[in-house]
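Visitor: I would like to learn how to read a model of this kind, feature by feature. Please give me the general idea each time before the particular case.

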Amino acid sequence: MNLGLSILSLARFQFAMTTVFHFFFVPLSIGLALVVAIMETVYVVKKDILYKHMAQFWGRIFLLSFAVGVVTGLIQEFQFGMNWSDYSRFMGDIFGAPLAIEALVAFFMESTFIGLWMFGWDRFNAKLHCAFIWLTSIGTMISAMWILAANSFMQNPVGFMINAKTGRAQMTSFAAVIKNPQLWYELPHVLFGAFVTGSFVVAGMAAFGLLKKKNVTFYRKSIKVSLIIGLIASIGVVGMGDLQTRYIIKEQPMKFAATEGLYKDSGSPASWAIIEGMDTKNHKSNWSIEVPYVLDILSYHKLQGNVKGQNRINKELHAKYDKKFGKDMNYYVPTKTLFWSFRVMAVSGGLFALIAIVGLYFNRAKSTMIERQRWFLWIMGICTFLPFAANTAGWFITELGRYPWVVYGLLTIADAVSPNVSVASLLFSNIVYFCLFSGLGAVMIVLSRRALHHGPDDLLQAGDDAPYDPYGKEAFSHE
Amino acid sequence: MSNLQFLWFVLVGVLFSGFFFLEGFDFGVGMTIKSLAQNREERDVVIHTIGPHWDANEVWLVTAGGAMFASFPMWYASLFSGFYLILLLILVALIMRGVSFEFRSRMESESGRNFWEWAAAIGSFCAAFLFGMMFTAMVKGMPINAHGDMTAHFTDYVNLFSIVGGVAVSLLCYLHGLNFIRLKTTGTLRERALKWAKPLYWVLFAGEVVFAILLFFNTDFFAKKPISTTILVVALVLLTVLATWGVYGNHEWLSFISSGLSLIDVVVLLFNGLFPRVMVANNAANSILIKDASNSPYTLHLMTVISLTVLPIMLVYFIWSYWVFYKRLAS
């Protein structure tokens, strides 16, 4: 292994690690902000104090998630310059703008209003206080929009030219960058995925709470609110995923063929492999269990049509890019990872919708079914963790499916890495991040479990009195 | 150099000024958790003085970084990859102190609280110190090649000058934090902060003199821009005089504004000395210039329109959030 390869592989591993860890907390925060905002809204409308306590209790998990999300987000912004300096030079004209706008528009909004929300329970009337959590929630969604605008350009570059003198990409139309169809398939899919995450974490934790047979009303109402959101979101995430799939067949056929483990053309009608054993070295499929017609339904919403396989796409890509990138490029993407990631994601999506429907049925008013069906509570509890796997799988497909490019068709990953950061530095930073994330992850889990273990007792017992607020009236000196 | 390029050089400076003015007292308050505050109650109070604000203050850094990327990607790429290890440690410090406030409040044991208090204190100190160190090393001149890649050795960024720079910035932040606590608390904390600030200001004077001397020998600031550099150094000392006066005369606002302005003065001193460069190479031919480092006029124009539209709105609610929580906290 030569030195150049080690720098590249270490930098790639580190990017994957920091981004995956950060993206545990991003969808959780976006989703929880919405769930909490809806709970507080119900409180404002119905004036039922229980919903205020719900907002406060689940707000505790939200604040934890937000804190870790914010600080690990710092890494995201710094690492383009730190580890991918040549990417930054090449892409700065286009990539920097959405990043700066995200900070200016979204980060200030969410961080300011979360401060007001957190410390303002006593200081503001209920409606204004509720507006703060909505502004925070909207801030998190705007943030997603801008960062995905940047990501979408990497997937599908539009509204740019290559400056002949500098060799850098240069923005020619900001409108085109924003109107990038990739963004408008990706954004709703990611947002619905985030809402699924937030709602199923609340539902799952509430299910664990319900297993203890304490605070039954509190947890049952929490399950109701979260599963209604979860049902809508899981239908949304599957639907948007479907639209996105059909878009990707056209724009990034290699990515799609890999998610289906397709090496040879499918022929018409195309059958869909549920599971498959593949030989990634020789680019062929060894065996598979297939369902007829399903691939055509997935790809074209029809019962006929050929789907291109990776071997043909590879030849097409060579014909298209050899002049610019040379004959030695490998255009095959990590097929196994994509194939199985897609299945994790798709199965999870279906499962979320199913659980939401069954859960809402069991949890209907005047029935105590949900309290008695303890097996179902266990399933819901375990499903607390499933959205994280699904989100990560989705990003594996999106990012690894772009291989070997960091910017599709324009810049390879190998050309993007910082040439001046040594293997030793990278090894050190990988170890530091690994230890740091393990620690933070462990603390997060312990604290979430502890919050659940204590339950909402302190809030429910305090009744109308909000928990101690350092900025409450009694805490101030009269000067 | 176009007007837009100049404007964005100034804007990046403004954003870093905002960051140091605001996060400066955050860092200072963070450090006081294990020094000025001496029991659990006092620690609760000092943390609560910045509780609603520290997160939004840190966004100034994120925005400064984003603005640098959006306006001068060559600067961003060169600076961030060049100071890789320092920035890694800064990130670790910012992460530890960032989660510490939330995590500490959830701890049930004395040792758990103690751990996160130290994380906040050490993280705040290290972040301030390392930022000071990095920017000092940056203006000294670093080994940069023609591609803009910096490959510095340990002694390039850890030396007497950069250590003094780091100490000066962290001391300034500490005093800024004490001045903030004087404004935001009452009772013993407020009195103790005043008592502690008095001797520390004399240390700061000494530090500033040493820093000015080292600046003279280690950078080309005085040689290239004798007048403006001298004015800014004198202004720094004068602001410290004002802050000291505010301490001895017990004018709390005067001290706070002066210590904040002295942090801004340091940023201005740095940007003034950098101009018309963004990175100083020890081989002058490889210094990166504003005119070569920027994005296209199209992007700069776009960013100008968007920033100037959004910034006023953002400032309104940002300032409003301070106004809402402007009260003294009692221990």
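This is a predicted model: local features need pLDDT of at least 70, side-chain atom pairs count only at pLDDT 80 or more; totals for chains, interfaces and linings use all residues.

Visitor: Where in chain B does P276(B) lie, and which residue does a cis peptide bond join to P276(B)?

Guide: As a general idea, most peptide bonds are trans. In this model, P276(B) sits in the loop that runs between α12 (252–274) and β1 (277–279) of chain B, and the bond joining F275(B) to P276(B) is cis, with omega about 0 degrees.

Visitor: What is the phi of K213(A), and what is the phi of H301(A)?

Guide: Most residues other than glycine have a negative phi. K213(A), although not a glycine, has a positive phi of about 60 degrees, and its place is the loop between α6 (181–211) and α7 (216–251) of chain A. H301(A), another residue other than glycine, has a positive phi near 55 degrees and is found in the loop between α9 (294–300) and α10 (310–325) of chain A.

Visitor: Which residues of helix α2 of chain B are buried, and what covers them?

Guide: Helix α2 (residues 40–50) of chain B has 8 of its 11 residues buried, so it is largely enclosed by the rest of the structure. Those buried residues are E42(B), R43(B), V45(B), V46(B), I47(B), H48(B), T49(B) and I50(B), and what covers them includes α1 (3–32), α3 (54–71), α5 (84–105), α6 (110–140), α8 (160–184) and α9 (188–218) of chain B.

Visitor: How do strands β3 and β4 of chain A run, and how many bridges join them?

Guide: Strand β3 (residues 272–279) and strand β4 (residues 284–291) of chain A run antiparallel and are joined by 7 bridges. In this pairing, A273(A) stands opposite E290(A) of β4(A). The two strands form a hairpin with 4 residues between them, and in the turn H283(A) has a positive phi of about 55 degrees.

Visitor: What radius of gyration does chain A have, and into which domains is chain A divided?

Guide: For 479 residues a compact globule would have a radius of gyration near 23 Å, and the 24 Å of chain A agrees with this. Along its principal axes, the C-alpha trace of chain A spans about 75 × 60 × 40 Å, and 50% of the residues in chain A are buried. Chain A is divided into domain 1 (3–224 + 406–473) and domain 2 (261–333), and their centres, taken over C-alpha atoms, are separated by 34 Å.

Visitor: How many residues of chain A are in contact with chain B?

Guide: Here contact means that the C-beta atoms of two residues lie within 7 Å, and by that criterion 58 residues of chain A are in contact with 60 residues of chain B. On the chain A side, the elements that give two or more residues are α2 (49–83), α3 (85–119), β2 (169–171) and α16 (423–454), and α3(A) gives the most, with 22 residues. By class, this side of chain A has 37 nonpolar, 16 polar and 5 charged residues.

Technical notes
Residues are numbered from 1 along each chain as its sequence is written. Chains are lettered from A and ligands numbered from 1 in the order in which they are written. Ala, Val, Leu, Ile, Met, Phe, Trp, Tyr, Cys and Pro count as nonpolar, Asp, Glu, Lys and Arg as charged, and the others, Gly among them, as polar. Domain bounds come from an automatic or database domain assignment. Two strands pair if DSSP finds at least two bridges between them. A residue is buried if 20 or more other C-beta atoms lie within 10 Å of its own, exposed if 12 or fewer, and partly exposed in between; C-beta atoms are placed from the backbone. The radius of gyration is taken over C-alpha atoms; the globule rule is 2.2 Å times the number of residues to the power 0.38.
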